[in-house]
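Please look over the chain shown below before reading on.

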Amino acid sequence: MALARYFIFFLAFSFLGWVYETIYCTIAEKSFQNRGFLFGPVCPIYGVGAIAAQALFVFVDRSLGIPLDVWGVFALCAVGSAIVEYITSWYLEARFHARWWDY
């Protein structure tokens, strides 16, 4: 049952991330921008980030016994999302020999 919940979270956050990024970039560029690289309205980086954050919170709470306050959650999300984006960017550049995003 937990695997099904994680899968639903992955799909929901992948879709919501695509919606957010598409709206933001469409407003910035003043024309429709499809921000997904897959077929369909999903950006899997958002789903992976949400699942990784939830797994990290469960690990910190249950295994390490460290209660997280708002700033702890913020710090873990900031560092964790930077790591996930860097690893994903590195993999996609190595695999497809293309730069998918550049800051």
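## Overall fold

The model described here is predicted. The chain holds 3 helices and 0 strands, and its order along the sequence reads α-α-α. Helix 1 covers residues 2-29, helix 2 covers 44-64 and helix 3 covers 70-96. Taken along the principal axes, the C-alpha atoms fill a box of roughly 45 × 30 × 25 Å.

## Helix 1 against helix 2

The axes of helix 1 and helix 2 come within 7 Å, and they cross at roughly 135 degrees. Because of that angle, helix 1 counts as oblique to helix 2, and the crossing of helix 1 past helix 2 is right-handed.

On the side of helix 1, the contact with helix 2 is made by Arg5, Tyr6, Phe9, Phe10, Phe13, Ser14, Gly17, Trp18, Tyr20 and Glu21. Helix 2 meets them with Pro44, Tyr46, Gly47, Val48, Ala50, Ile51 and Gln54. Sorted by class, the residues of this contact comprise 11 nonpolar, 4 polar and 2 charged.

## Helix 2 against helix 3

Helix 2 also packs on helix 3, at an angle of about 135 degrees and with the two axes 10 Å apart. Helix 2 is therefore oblique to helix 3, and helix 2 passes helix 3 in a right-handed crossing.

From helix 2, the residues in this contact are Ile45, Val48, Leu56, Phe57 and Val60, while helix 3 brings Val73, Leu76, Cys77, Val84, Glu85 and Thr88. By class, the contact of helix 2 with helix 3 consists of 9 nonpolar, 1 polar and 1 charged residues. Val48 of helix 2 is listed in the contact with helix 1 and is listed again in the contact with helix 3.

## The largest pocket

The largest pocket has a volume of about 560 Å³. Its lining is made up of 19 residues, and those closest to the centre are Glu21, Arg35, Ile45, Tyr46 and Trp101. Glu21 and Tyr46 also take part in the contact between helix 1 and helix 2, whereas Ile45 belongs to the contact of helix 2 with helix 3.

Helix 1, helix 2 and helix 3 each supply at least two residues of this lining, and helix 2 gives the most, with 4 residues. The lining of the largest pocket divides by class into 12 nonpolar, 3 polar and 4 charged residues.

## The second largest pocket

For the second largest pocket the volume is about 360 Å³. This pocket is lined by 16 residues, of which Ile45, Tyr46, Gly49, Ala50 and Ser81 lie nearest its centre.

Terms used:
Residues numbered from 1 in each chain as written. Predicted model: local features only at pLDDT ≥ 70, side-chain atom pairs only at ≥ 80, totals over all residues. Heavy atoms only, no water. 1 Å grid on protein atoms, 1.4 Å probe; cavity = no way out; pocket = protein on both sides within 12 Å on 5 of 7 lines; lining within 4 Å. Points joined across faces, edges and corners; volume = space filled by probe spheres on them. Nonpolar A, V, L, I, M, F, W, Y, C, P; charged D, E, K, R; others polar. Axes fitted to C-alpha atoms, helices over the stretch in contact; angles between N-to-C directions. Parallel < 35°, antiparallel > 145°, perpendicular 65-115°, else oblique. Left-handed = near helix turned anticlockwise from the far one by under 90°. Contact = heavy atoms within 4.5 Å.
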